[in-house]
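Here is a friendly walk through one structure, from its overall fold to its side chains. Please keep the sequence and the model open as you read.

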Amino acid sequence: MLNLKSILNDNMRVKFDFYRDGALWYSTINGFQFPVPVNTLHQSTILKANDKASNFSYYIKKYYNENKEK
(Lines give C-alpha, C1' and ligand atoms only; values in the text may rest on other atoms or scores of the structure.)
Protein backbone atom coordinates (compact mmCIF):
# COMPACT_ATOMS: atom_id res chain seq x y z
CA MET A 1 0.00 0.00 0.00
CA LEU A 2 1.15 3.55 -0.69
CA ASN A 3 2.18 5.64 2.28
CA LEU A 4 0.19 8.70 3.26
CA LYS A 5 3.07 11.09 2.58
CA SER A 6 3.30 9.99 -1.07
CA ILE A 7 -0.48 10.34 -1.48
CA LEU A 8 -0.63 13.86 -0.04
CA ASN A 9 2.52 15.42 -1.51
CA ASP A 10 2.28 18.98 -2.85
CA ASN A 11 1.97 17.98 -6.51
CA MET A 12 -0.57 15.16 -6.12
CA ARG A 13 -3.81 15.50 -8.05
CA VAL A 14 -7.10 13.61 -7.78
CA LYS A 15 -9.70 12.84 -10.42
CA PHE A 16 -13.31 11.83 -10.11
CA ASP A 17 -13.90 8.20 -11.13
CA PHE A 18 -17.51 7.24 -10.38
CA TYR A 19 -20.49 7.49 -8.04
CA ARG A 20 -21.63 4.39 -6.15
CA ASP A 21 -23.73 3.67 -3.06
CA GLY A 22 -23.87 7.26 -1.83
CA ALA A 23 -20.20 8.10 -2.38
CA LEU A 24 -18.17 9.92 -4.98
CA TRP A 25 -15.04 7.87 -5.67
CA TYR A 26 -11.83 9.71 -6.52
CA SER A 27 -8.34 8.43 -7.30
CA THR A 28 -4.91 9.98 -7.10
CA ILE A 29 -2.50 9.85 -10.01
CA ASN A 30 -0.49 7.19 -8.14
CA GLY A 31 -3.54 4.90 -7.92
CA PHE A 32 -4.96 5.44 -4.42
CA GLN A 33 -8.76 5.34 -4.57
CA PHE A 34 -10.98 6.82 -1.85
CA PRO A 35 -14.67 7.71 -1.31
CA VAL A 36 -16.27 11.04 -0.48
CA PRO A 37 -19.66 10.22 1.10
CA VAL A 38 -22.25 12.64 -0.25
CA ASN A 39 -24.05 12.77 3.12
CA THR A 40 -20.97 14.52 4.59
CA LEU A 41 -21.14 17.37 2.08
CA HIS A 42 -22.96 20.65 2.51
CA GLN A 43 -25.75 21.35 0.01
CA SER A 44 -23.74 24.10 -1.69
CA THR A 45 -20.45 22.15 -1.87
CA ILE A 46 -18.79 22.16 -5.26
CA LEU A 47 -16.34 19.36 -6.03
CA LYS A 48 -14.18 19.50 -9.13
CA ALA A 49 -13.56 16.51 -11.38
CA ASN A 50 -9.80 17.24 -11.17
CA ASP A 51 -8.32 18.93 -8.13
CA LYS A 52 -5.40 19.02 -5.69
CA ALA A 53 -5.23 16.04 -3.34
CA SER A 54 -4.69 18.40 -0.41
CA ASN A 55 -8.28 19.65 -0.85
CA PHE A 56 -9.43 16.09 -0.07
CA SER A 57 -6.95 15.40 2.75
CA TYR A 58 -9.70 14.72 5.33
CA TYR A 59 -11.27 11.97 3.18
CA ILE A 60 -7.91 10.55 2.08
CA LYS A 61 -6.56 10.31 5.65
CA LYS A 62 -9.82 8.85 6.97
CA TYR A 63 -10.02 6.13 4.30
CA TYR A 64 -6.28 5.41 4.47
CA ASN A 65 -6.35 4.93 8.24
CA GLU A 66 -9.49 2.78 8.11
CA ASN A 67 -7.92 0.47 5.54
CA LYS A 68 -4.20 0.37 6.32
CA GLU A 69 -4.55 -2.82 8.38
CA LYS A 70 -6.19 -4.70 5.48
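The report below goes from the fold to the strands, the core and the salt bridges.

## Ground rules

This is a predicted model, in which local features need pLDDT of at least 70 and side-chain atom pairs count only at pLDDT 80 or more, while totals for chains, interfaces and linings use all residues. Residues are numbered from 1 along each chain as its sequence is written, and side-chain values use heavy atoms, with hydrogens and water left out.

## Overall fold

The protein chain has two helices and four strands; these are DSSP runs, numbered from the N terminus, with helices being H or I of at least four residues and strands being E of at least two. Along the sequence they follow the pattern α-β-β-β-β-α. The radius of gyration is 12 Å, close to the 11 Å that the globule rule gives for 70 residues, so the chain is as compact as a globular protein of that length. Here the radius is taken over C-alpha atoms, and the rule is 2.2 Å times the number of residues to the power 0.38.

The C-alpha trace spans about 30 × 25 × 20 Å along its principal axes. Of the contacts with a separation of 6 or more, 43% are between residues 24 or more positions apart, a contact being heavy atoms within 4.5 Å.

## Strand pairing

Strands S1 (residues 13-20) and S4 (residues 50-52) run antiparallel and are joined by three bridges; two strands pair if DSSP finds at least two bridges between them. Val14 has Asp51 in S4 as its bridge partner.

S1 also pairs with S2, again in the antiparallel sense, over six bridges. Lys15 stands opposite Ser27 in S2. The hairpin of S1 and S2 has two residues between the strands, and Asp21 takes a positive phi near 50 degrees there.

Buried residues make up 29% of the 70 residues, where buried means under 20% relative accessible area, exposed over 50% and partly exposed in between (1.4 Å probe, protein chains only). In soluble globular proteins, nonpolar side chains tend to be buried together. The largest nonpolar core in this model has 13 residues, and Val14, Tyr26, Phe32, Phe34, Val36, Phe56 and Ile60 have the most contacts inside it. Strand S2 (23-28), strand S3 (33-37) and H2 each give two or more residues to this core, and the largest share, three residues, comes from H2. Such a core is a set of buried Ala, Val, Leu, Ile, Met, Phe, Trp, Tyr and Cys residues joined through side-chain atoms within 4.5 Å.

Which residues of H2 are buried? They are Tyr59, Ile60, Tyr64 and Asn67. These residues cover an arc of only 125 degrees around the axis, which puts them on the same side of H2; the arc is that of the directions from the helix axis to the C-beta atoms. Helix H1 (4-7) and S3 are among what covers them.

## Salt bridges

The model has three salt bridges, each being a side-chain nitrogen of Lys or Arg within 4 Å of a carboxyl oxygen of Asp or Glu. Lys15 is joined to Asp17, with the closest N and O atoms 2.5 Å apart. Lys15 is partly exposed at 40% relative accessibility, and Asp17 is partly exposed at 26%.

Arg20 and Asp21 form a salt bridge with the closest N and O atoms 3.6 Å apart. Arg20 is exposed at 54%, as is Asp21 at 71%. In H2 (residues 57-67), Lys62 and Glu66 are four residues apart, so about one helical turn separates them; the closest N and O atoms of their salt bridge are 2.6 Å apart.
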